[in-house]
Amino acid sequence: MEHPTHPHVLVDGRWLADHLDDPNVRVIDIHLDSTLYAQGHIPGAVHWPALTTLLGPDFRTKFDLDATDALLGQSGITNEMTVVVCSDHRALGAWGFWFLKTIGHDRVWVLDGGMEKRRSDGRRLTTDV
């Protein structure tokens, strides 16, 4: 597998386009507003509504092991998979990256420029869940 744009943090849109059909790559789309995912997302991307998946009722990041294992399992993420995190809000992509790194997932990157850049590059989006 080719190396991403920045080997520690970022992956560019071209790399992602070349790897969308790779069963070992999972895209996570994180939003505060869940309607944004429904309006268009990267094909195959799994939606993580930030307020219910990553945040607890006290608005602190959830680090409950059982909840995290369930979230990763429902998202089809294994330890061997490469995960690319994206969002319409750049801070959420970085937060998803940080969260996955903190829980020990080594192969995680942020989509450089997020969904805004993907749209401006004219890359394909879907409304299929």
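Biologist: In what order do the strands form the open sheet?
Modeller: The order is β1-β5-β4-β2-β3, five strands with parallel pairing. The edge strands are β1 (10–11) and β3, each pairing on one side only. Strands here are DSSP E runs of at least two residues, helices are H or I runs of at least four, and both are numbered from the N terminus. Two strands pair if DSSP finds at least two bridges between them.

Biologist: What are the ground rules for the numbers?
Modeller: This is a predicted model, so local features need pLDDT of at least 70 and side-chain atom pairs count only at pLDDT 80 or more, while totals for chains, interfaces and linings use all residues. Residues are numbered from 1 along each chain as its sequence is written, and side-chain values use heavy atoms, with hydrogens and water left out.

Biologist: Which helix packs on the sheet?
Modeller: Helix α5 (residues 90–102) does, touching β2, β3, β4 and β5 (108–111). Contact means heavy atoms within 4.5 Å. The direction of α5 makes about 180° with that of β5. Axes are lines fitted to C-alpha atoms, for helices over the stretch in contact, and angles run from 0 to 180 degrees between N-to-C directions.

Biologist: Now β4. Is it buried or exposed?
Modeller: Five of the five residues of β4 are buried, so the rest of the structure largely encloses it. Buried means under 20% relative accessible area, exposed over 50%, partly exposed in between, with a 1.4 Å probe and protein chains only. Thr82, Val84 and Cys86 point one way, Val83 and Val85 the other.

Biologist: How many bridges join β4 to β2, and how many to β5?
Modeller: Five to β2 and three to β5, parallel in each case. On the β5 side, Val85 faces Val110. The chain crosses from β4 through α5 to β5, a right-handed β-α-β crossover. Right-handed means that, with the strands pointing away from the viewer, the path from the first strand over the helix to the second runs clockwise.

Biologist: And what about β2 itself?
Modeller: Strand β2 (residues 25–31) is mostly covered, with six of its seven residues buried. It also pairs with β3 (residues 46–49) over four bridges, in the parallel sense. There, Ile28 has Val46 as its partner.

Biologist: Which residues have the most contacts inside the largest nonpolar core?
Modeller: Ile28, Ile30, Trp48, Leu54, Val83 and Leu100, in a core of 19 residues. A nonpolar core is a set of buried Ala, Val, Leu, Ile, Met, Phe, Trp, Tyr and Cys residues joined through side-chain atoms within 4.5 Å. Helix α5 gives the most to this core, with five residues. Ile30 touches residues including Trp48, Leu54, Val85 and Leu92, not counting residues up to four places away in sequence. A second, separate core of 13 residues includes Val27, Tyr37, Val84 and Cys86.

Biologist: Last one. What is the phi of Phe59?
Modeller: Near 65°, a positive value in a residue other than glycine. Phe59 is in the loop between α3 (50–53) and α4 (65–74). Phe59 is exposed, at 61% relative accessible area.
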